[in-house]
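Please read the following briefing alongside the sequence and the 3D structure, which are shown first. The notes are grouped by topic.

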Amino acid sequence: MARAPLTKLPQPVFHEPIFGADGSLPDPTGFSTSHGSDDALYKQIGDLATKDVVAIPKSRIGDDAMFSLAEAYGHHGPEIVKQITHAGKIVFHALGDSGASNAGKYPNELRVADQVTLDCASSAEADRAAFLYHLGDVVYNFGEARYYYDQFYDPFRNYPAPIFAIPGNHDSFIVPGTRPADAPLKTFQRNFCSKQVVITPEAGSLRRTAMTQPGVYFTLDAPFVRIIGLFSNALEDPGVISNLDKKRKWPVSNIQIDFLRAQLRRVKQQKFAGALLLATHHPAFSYSPPSKADGTGGNHGCSTAMLRQIDTVCQEEGVYPHAFLSGHAHNYQRYTRIMDFGGNEINVPFIVCGDGGHNVNALVRAQRGKTAVEPVASADVGYLDQSGVAKVKHLLLAKYDDHNYGYLRIHVDKDYLKIGFHQVGLQSLAQSRYDMVTVRLADRHMVAN
Ligand SMILES: [Fe+2]
């Protein structure tokens, strides 16, 4: 049954952030708001999704400032951070592309959301995820306010921890004719970048206060780990973080480059010894076969210019992240970039986890009448790495899964960063860890799990 359009609810300011319902709520069984086909709209948009970038809103805090996990937790924050520090490790979830845009997709989103929620409920305290980091594409197809309830708040209604997010293209692309007040990024900011601890109209009667991150790009500072999240803008492809792409001058500002530089500088000055992660919705690497005869790549390709800009700033500042996380391509891909950085050989995982509920796409699409040629395990795919800035020895496609939904469960302690990919079964809530990569923080080498 169609739900009435969202009406403006009173927005009381809470003294404490709230991250999930106390007790259980019935499972959502379907959309409350009718969601028709967007096919006609896509036709009308034409190729705008390949060229219409949006302005990057400036963060509320300074380029070198960070948003702490303690702040997100409110009054209990210092105590929670103390507990995590005392446990000697932090665990968190990450996933992308969760929004279900039609009823057929909805059970897949619910299974993934239920699985991360169940993981929190069933884990011992020291192993319980401290937060979920959403890698973008929260609400399909165009980040509409009226779909936030169905696609975000209801599926994650019992997730008992903060949910941070960087916007994906579907959270930011502006459909022509949209009123400025209804621009999707405004809705995203209302729900994830709120100045106050409020329940937004999009959450309806559910008990999750808006996240209070300072912007659509920000550094999350948690015990043992920092995550620098950048907004890679509204295009289907490529990811755009600044106007520094020499081939195409995108009409956006360079504030994220200044921000990235300031954050890397801070890491260096403070001799930060924890894990440094970098998150963008669009992936730096996404597979396509070396020859067209073997088929074509999946729905999304590599964002090479974006990576080149990141590599350049990292090289200039002498700091390179321990791992990269992204979504966008609807599957799981794990690359190992073996590179020479500052005179040392380092191994950097580049991970795509864009199978959080919306869809799962094959890595290779076959040519008509032929069979797709899938890559072999640990294939050297150096041809995908066209950044040209970093001294890259090899780029390996270490592992992938293009058949299952799933999420990342990430563990960081003072010595190691461990990133596990968990498949979500279609028939049950049984979970299995399909892949795991472990990086030793000190020398940036991968070690056996
Ligand atoms: Fe996307």
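Lys 271 follows helix H7 and has a positive phi, near 50°; helices (H or I, at least four residues) and strands (E, at least two) are DSSP runs, numbered from the N terminus. The model is predicted, and local features need pLDDT of at least 70, side-chain atom pairs count only at pLDDT 80 or more, and totals for chains, interfaces and linings use all residues. Residues are numbered from 1 along each chain as its sequence is written.

**Helix H7**

- The 15 residues of H7 should span 21 Å at 1.5 Å a residue, and the end C-alpha atoms of H7 are 21 Å apart, which agrees; the expected span of a helix is 1.5 Å times one less than its number of residues.
- Buried residues of H7 are Gln 256, Phe 259, Leu 260, Gln 263, Leu 264 and Val 267, where buried means that 20 or more other C-beta atoms lie within 10 Å of a residue's own, exposed that 12 or fewer do, and partly exposed in between, with C-beta atoms placed from the backbone.
- On the face of H7 turned away from its buried side are the exposed residues Lys 268 and Gln 269.
- Strands E5 (218-222), E6 and E7, together with helix H8 (304-317), are what the buried residues of H7 pack against, contact being defined by C-beta atoms, placed from the backbone, that lie within 7 Å.

**Strand E7 and its partners**

- In strand E7 (residues 275-280), 6 of its 6 residues are buried, and both faces are covered, with Ala 275, Leu 277 and Ala 279 on one side and Leu 276, Leu 278 and Thr 280 on the other.
- Strand E6 (residues 225-230) runs parallel to E7 and is joined to it by 6 bridges, strands being paired if DSSP finds at least two bridges between them; Leu 230 stands opposite Thr 280 in E7.
- From E6 the chain crosses through H7 (residues 255-269) to E7 in a right-handed β-α-β crossover, a term that applies if, with the strands pointing away from the viewer, the path from the first strand over the helix to the second runs clockwise.
- Strand E9 (residues 323-326) also pairs with E7 in the parallel sense, over 3 bridges, and here Leu 278 stands opposite Phe 324.

**Asp 402**

- Asp 402, in the loop between strands E14 (391-401) and E15 (405-413), is partly exposed, with 18 other C-beta atoms within 10 Å.
- Asp 402 and Ala 362 lie 40 residues apart in sequence and 5.2 Å apart in space, C-alpha to C-alpha.
- Not counting residues up to four places away in sequence, Asp 402 touches Asn 331, Val 360, Asn 361, Ala 362 and Leu 363.

Definitions and conventions. Two residues are in contact if their C-beta atoms, placed from the backbone, lie within 7 Å.
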